[in-house]
Amino acid sequence: TARGRGVEDYCKYMLVYPLTSQSTPIYMLADSWEKLPGNVKEVLNNAAMEWESYMVNTVIKDNNLQKHIIPFYEKVGMRMVYPDKEQKAAFDQSLVPLTKWWVKQVGVDVGKKAMGYLN
């Protein structure tokens, strides 16, 4: 999605540290979500988690990042930044409060299941 947004026109650097993958969000108002039957919510949540897992496996594990994404952005003049092990650990640690907050927002069961896709 970054290519579609033209990030190369306003970004000089790309942090090469895959934290997530492309997503295809569906937005709705909270009150509309609350009106959905439980089985519909479950189907939507499961489909979202399956899609995210698929994208992680496709984009990151199949090396599309190295084969396609990085070369494209290098060609248009962006510089890649590769954090070292210490920098990755510090970045990961900085996300802990956000992750804990998010798990509380979506509920422990959903949060742990979603976080399981990351590991």
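**Exercise 1. Find the helix that holds V106, and decide whether this residue is buried, partly exposed or exposed.**

Solution. V106 lies in helix α6, where helices (H or I, at least four residues) and strands (E, at least two) are DSSP runs, numbered from the N terminus. The relative accessible area of V106 is 32%, so V106 is partly exposed; the scale calls a residue buried under 20% relative accessible area, exposed over 50%, and partly exposed in between, with a 1.4 Å probe and protein chains only. The model is a predicted one, in which local features need pLDDT of at least 70 and side-chain atom pairs count only at pLDDT 80 or more, while totals for chains, interfaces and linings use all residues. Residues are numbered from 1 along each chain as its sequence is written, and side-chain values use heavy atoms, with hydrogens and water left out.

**Exercise 2. Work out which residues form a nonpolar patch on the surface together with V106, and which helix gives the largest share of the patch.**

Solution. The patch is formed by L98, W101, W102, V106 and V110, which together have about 440 Å² of accessible area. Patches are made of residues with over 30% relative accessible area and no salt bridge, like charges being joined within 9 Å and nonpolar side chains (Val, Leu, Ile, Met, Phe, Trp, Tyr) within 5 Å; accessible areas come from the Shrake-Rupley method with a 1.4 Å probe, and for residues only the protein chains shown count as cover. Helix α6 (residues 96–106) supplies the largest share, 4 residues. Not counting residues up to four places away in sequence, W102 touches G111, A114 and M115, a contact being heavy atoms within 4.5 Å.

**Exercise 3. List the residues of the largest nonpolar core, then follow the contacts of I70.**

Solution. The largest nonpolar core has 8 residues, namely V7, M14, V16, L65, I70, Y73, M78 and M80. Helix α4 (residues 64–75) gives the most to this core, with 3 residues. By definition, a nonpolar core is a set of buried Ala, Val, Leu, Ile, Met, Phe, Trp, Tyr and Cys residues joined through side-chain atoms within 4.5 Å. Leaving aside its neighbours within four places in sequence, I70 is in contact with M14, V16, L65, M80 and Y82. In soluble globular proteins, nonpolar side chains tend to be buried together.

**Exercise 4. State how many salt bridges a search of the whole structure finds, and describe the surroundings of K41.**

Solution. The search finds 1 salt bridge, that is, a side-chain nitrogen of Lys or Arg within 4 Å of a carboxyl oxygen of Asp or Glu. The partners are K41 and E34, whose side chains meet at 3.5 Å, N to O. K41 has 18% relative accessibility and therefore counts as buried, whereas E34, at 55%, counts as exposed. K41 has its place in helix α3, and, neighbours within four places in sequence left aside, K41 is in contact with W33, E34 and L36. Helix α3 (residues 38–61) also holds L44, which counts as partly exposed because its relative accessibility is 34%. Residues up to four places away in sequence again not counted, L44 touches W33 and L36.

**Exercise 5. Count the aromatic pairs and describe the geometry of the pair formed by Y17 and F91.**

Solution. The count comes to 2 aromatic pairs; rings of Phe, Tyr and Trp (its six-membered ring) pair if their centres lie within 6.5 Å, with planes under 30 degrees apart counted as stacked, over 60 as edge-to-face and the rest as tilted. The ring centres of Y17 and F91 are 6.2 Å apart and their planes stand at 80°, so this pair is edge-to-face. The pair links distant parts of the chain, since Y17 is in the loop between β1 (13–15) and α2 (30–35) and F91 is in helix α5 (residues 85–94), 74 residues apart. Y17 counts as buried at 17% relative accessibility, while F91, with a relative accessible area of 32%, is partly exposed. F72 and Y73 form an edge-to-face aromatic pair with 4.9 Å centre to centre and 80° between the planes. Y73 is buried, with a relative accessible area of 2%.
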